[in-house]
Amino acid sequence: MPVNPHPSPLVIATRESRLALWQAEHVQALLRARGHTVSLLGMTTLGDQILDRSLSKVGGKGLFVKELETALQDGRAQLAVHSLKDVPMELPEGFALACVMEREDPRDAFVSPTFASLAELPHGAVVGTSSLRRQVLLQALRPDLRIEPLRGNLDTRLRKLDEGQYDAIVLAAAGLKRLGLDARIRTIFDPTEMLPAAGQGALGIEVRTARYDLIEALAPLAHWPTWLTVTAERAVSRSMGGSCSVPLAAHARLEGDQLHLDAAWGDPEGRIPLVRAHAAGTVLTLEQANALGQAVATQLRAGGAIGVAGAADSTSAG
């Protein structure tokens, strides 16, 4: 039975990549099951258009959400669905993260047509990623590899790999699994070796702050354990500056009411060794999750990590 048989029609603003549309359609189906009439507004963002430069050099994660926020502001759409790792740590005034949904696999995947794992790659092999986080973690694991830029949506990245431009690429496992591309995964990295990005694998729904009715309607879609863990992760990133130019990883896991939070920071130039930090504590509220994240960021800085004034990974859609 529909929860609300006569709700106002809703429009979801979404990027037009295959993965972004899957995510928006997933939310659309869940809302329709609750009695809502929901349509999609596909948009091409500036982040989708600029493919020849790293996001850390052209404005960061906000490039993937600004056009969607404009659609919310002018009333063309009422909500926007984002990969949470693409959402800036600070939302503009008047916007709110109304819902964090249950997380998919947060880990990174090793993808290669020839090699089964990172360890199998020969000396000097070319690995594609435009994520500063993945770059510094890969360099720590295999300093002999050539890390080359890789931009574009998930399908574009796979095509470039298949064309032979790279020996391997590293992508978010969540995106591959959501699109039924599990067979492309050769190895899933253990978080102890490739610590994920803050929010990786989770979906967030953004609305205008004043839309209390929408926030209430989205509440059943929220997954509280995921919300707590990603809040702690994003607090690390926010405290470190929160931009794509920060080579930062942050990943939390909840065991009962104990939240375990790991973070890592690396220097892309290799001048400073990888800095790691860990903390654990009882976390029942978003405030406690934030505090744990700030404590881990303090540990990182004490270990020599350098933040910037300004989200912890410079990739999107994979």
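User: What does T231 touch, not counting residues up to four places away in sequence?
Analyst: T231 touches L286, A289 and N290. This is a predicted model, so read the contacts as computed from it.
User: Where does T231 lie, and is it buried or exposed?
Analyst: T231 lies in helix α9. Its relative accessible area is 12%, and it counts as buried because the cut-off is under 20%.
User: Which backbone oxygen lies 2.6 Å from a polar atom of the T231 side chain?
Analyst: That of W227.
User: What does α9 pack on?
Analyst: An open sheet of three strands, in the order β11-β12-β13, with antiparallel pairing. The edge strands are β11 and β13, each of which pairs on one side only. Neighbouring strands there are turned by 15° against each other on average, direction ignored. Helix α9 touches β11 and β12, and its direction makes about 150° with that of β11.
User: How many bridges are there between β12 and β13?
Analyst: Eight, in the antiparallel sense. W265 stands opposite V275 in β13.
User: What else is W265 in contact with, leaving aside neighbours within four places in sequence?
Analyst: Besides V275, the contacts of W265 include M240, V246, P247, L248, I272, P273 and L274. L300, G304, A305 and I306 are also among them.
User: Which residues touch the most other members of the largest nonpolar core?
Analyst: V236, M240, L248, L261, W265, V296 and L300, out of 23 residues in that core. Helices α9 (224–240) and α10 (286–302) each supply at least two residues, and so does each of the strands β11 (248–255), β12 (258–265) and β13 (275–282). Helix α10 gives the most, with five residues.
User: And what lies apart from that core?
Analyst: Another core, of 18 residues. F110, L121, L145 and L195 are among them.
User: Which way does F110 point from its strand, and which residue points with it?
Analyst: F110 and D108 point one way from strand β5 (residues 108–111), while A109 and V111 point the other way. All of these are buried.
User: What does β5 pair with?
Analyst: Strand β8 (residues 168–172), antiparallel over four bridges, and strand β9 (residues 187–188), antiparallel over two bridges. D108 stands opposite A172 in β8, and F110 stands opposite T187 in β9.
User: Changing topic. What is the strand order in the five-stranded open sheet?
Analyst: The order is β2-β1-β3-β10-β4, with mixed pairing. Strands β2 (38–43) and β4 (95–100) stand at the edges with a single partner strand each, so one side of each has no neighbour in the sheet. On average, neighbouring strands are turned by 30° against each other, direction ignored.
User: Which helix packs on it?
Analyst: Helix α4 (residues 66–73), which touches β1 (10–15), β2, β3, β4 and β10. The direction of α4 makes about 40° with that of β10.
User: How do β3 and β10 run, and how many bridges join them?
Analyst: Strand β3 (residues 79–83) and strand β10 (residues 203–208) run antiparallel, joined by four bridges. V81 stands opposite I205 in β10.
User: Where is T44?
Analyst: In the loop between β2 and α2 (46–49). T44 has 44% relative accessibility and counts as partly exposed.
User: Now α5. Why is it described as largely enclosed?
Analyst: Because seven of the 10 residues of helix α5 (residues 132–141) are buried. The buried ones are L132, R133, R134, Q135, V136, L137 and L138.
User: What caps the N-terminal end of α5?
Analyst: S131 does, with a side-chain oxygen 3.2 Å from the backbone nitrogen of R133.
User: Last one, the whole chain. How many helices and strands, and what share is buried?
Analyst: The chain has 10 helices and 13 strands. Of its 318 residues, 55% count as buried. Its accessible surface comes to about 13,000 Å², and carbon and sulfur atoms account for 52% of that.

Key:
Residues numbered from 1 in each chain as written. Predicted model: local features only at pLDDT ≥ 70, side-chain atom pairs only at ≥ 80, totals over all residues. Heavy atoms only, no water. Buried < 20%, exposed > 50% of the residue type's maximum accessible area, 1.4 Å probe, protein only. Polar contact = N/O pair within 3.5 Å; in protein donor to acceptor, adjacent residues only side chain to side chain. Core = buried A, V, L, I, M, F, W, Y, C linked by side-chain atoms within 4.5 Å. Contact = heavy atoms within 4.5 Å. Pairing = 2+ DSSP bridges. Axes fitted to C-alpha atoms, helices over the stretch in contact; angles between N-to-C directions. Areas by Shrake-Rupley, 256 points an atom, 1.4 Å probe, with all protein chains shown as cover.
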